Amino acid sequence: MTTDDTTHSALQQRVAEKLEAGGLGSLRSFDPLLGGHSGLTYRVRTDDAELVVKAVPAGQRPVGRHDMLRQATIMRELAGTSVPVPTIVMVDDTEPSWYAMTFVRGESLEPVLDDPAVDPELAAARMRRAAAVLPELHAVDHRAVPDAGPTLSPGDELARWARTLGAVPPELVEGGDRLLSLLGARVPDAVSSTLVHGDYRLGNLIADGTEPVALIDWEIWSVGDPRVELGWFLVFADGDNFPGVGRSVPGLPSADELVEIYAGAGRDLPDLPWFDALGRLKMAAIMGHNLRRHWEGRHHDPDQEKLPATISRLIDTGTALLA
């Protein structure tokens, strides 16, 4: 038996015992859900429930993306709000910690990136609803949320992504240094802080038809500037940002329309082009990091070879927003 098999078996036994003791029935299946990068994820069935379990990988410290208790905390806090989240049904804080949440049926597909392709009218409707849900998250009183951590300013966010970009060989992110310099020369003053999901996009928003039913993947939530979140969301509103790896979807709402839906009546969003450009820098840095890992043999994925055109487009368009 491999180390992975042993880890899987030990976790399965712990989950089975806890769920049964908690009145959630006997375990019937415990199947890995692949594709994530933050902990171990399983789809679980018992006599009485269908759940998703997320756990800290054996040997990993429960910090950052692997802090399962912090993820469970924010979803529990949002359960009584208008922000749709899965219901947390159990938390086990014994290391390696894990939590169980309700399995939510629906689709979480990024129209400009993911397969299968989403019908354009459905994609447009989902994007508009996502823009309407985001201010509901930002309206939640973050001061009442435990374990929120420090408040991140626009400058803090820029410094964070500058470090990521700096770890990528310059030839993979050509022009990134100029975009970084332009961003650094005009860092906006912060506005009132809000809860920030950190990766708000349709790929992390399960939808039933057009209606959002669960915002998932809370690995990097924080308190910060809401415009950081909005700028990131806008990157995914235009398939032209992703040549070679994405697609153009006819009829998607424009960035201006999405901002108008988000802003509603009277919300002031100064310096938004800066945050749009920051979102593009972030995505270019992430893709450059992934391409580097592939080229170094740390994570072999031939699809990463398609990224240079998108990295270049993101950097060029981000620079044009500020130049």
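The model is predicted, and local features need pLDDT of at least 70, side-chain atom pairs count only at pLDDT 80 or more, and totals for chains, interfaces and linings use all residues. Residues are numbered from 1 along each chain as its sequence is written, and side-chain values use heavy atoms, with hydrogens and water left out.

**Stop 1: the cavity**

Select Glu107, Ser108, Leu109, Arg126, Arg129, Leu202, Leu205, Ile206, Ala207, Thr210, Glu211 and Pro212, which line the largest cavity. Helix H3 (120–138), strand S8 (205–208) and strand S9 (211–215) are the elements that each give two or more residues to this lining. Helices (H or I, at least four residues) and strands (E, at least two) are DSSP runs, numbered from the N terminus. S8 gives the largest share, three residues.

A cavity is a set of points on a 1 Å grid over the protein atoms alone where a 1.4 Å probe fits but cannot get out; lining residues have an atom within 4 Å of a point. The structure holds one cavity of 30 Å³ or more, and the largest cavity contains about 50 Å³ of space. Grid points are joined across faces, edges and corners, and the volume is the space filled by probe spheres set on the points.

Colour the lining by residue type: six are nonpolar, two polar and four charged. Here Ala, Val, Leu, Ile, Met, Phe, Trp, Tyr, Cys and Pro count as nonpolar, Asp, Glu, Lys and Arg as charged, and the others, Gly among them, as polar.

**Stop 2: helix H4**

Next select residues 154–166, helix H4. Its 13 residues should span 18 Å at 1.5 Å a residue, and its end C-alpha atoms are 18 Å apart, which agrees. The expected span is 1.5 Å times one less than the number of residues.

Pro154, Glu157, Leu158, Trp161 and Leu165 are the buried residues of H4. Buried means under 20% relative accessible area, exposed over 50%, and partly exposed in between (1.4 Å probe, protein chains only). Seen down the axis of H4, the buried residues fall within an arc of 95°, so they line one face of the helix. The arc is that of the directions from the helix axis to the C-beta atoms. Turned away from that buried side are the exposed residues Arg163 and Gly166.

Strand S6 (151–152), H5, H6 and H8 are among the elements covering the buried residues of H4. Zoom in on Glu157, which is buried at 6% relative accessibility. Leaving aside neighbours within four places in sequence, Glu157 is in contact (heavy atoms within 4.5 Å) with Leu152, Val228 and Leu278.

**Stop 3: helix H6**

Which residues of H6 are buried? Select Pro226, Arg227, Val228, Glu229, Leu230, Gly231, Trp232, Phe233, Leu234 and Val235 to show them. H6 is mostly covered, with 10 of its 10 residues buried.

**Stop 4**

Move to Asp276 in helix H8. Asp276 is buried, with a relative accessible area of 11%. Apart from neighbours within four places in sequence, Asp276 is in contact with Gly231 and Leu321.

Finish with H9, residues 307–322: at 1.5 Å a residue its 16 residues should span 22 Å, and its end C-alpha atoms are 23 Å apart, which agrees. Leu307, Thr310, Ile311, Leu314, Ile315, Gly318, Thr319 and Leu322 are its buried residues. These cover an arc of only 160° around the axis, which puts them on the same side of H9. Their cover includes helix H5 (176–185), helix H6 (226–235) and helix H8 (272–295).

Technical notes:
On a 1 Å grid over the protein atoms alone, a cavity is a set of points where a 1.4 Å probe fits but cannot get out, and a pocket is an open set with protein on both sides within 12 Å along at least five of seven lines; lining residues have an atom within 4 Å of a point.
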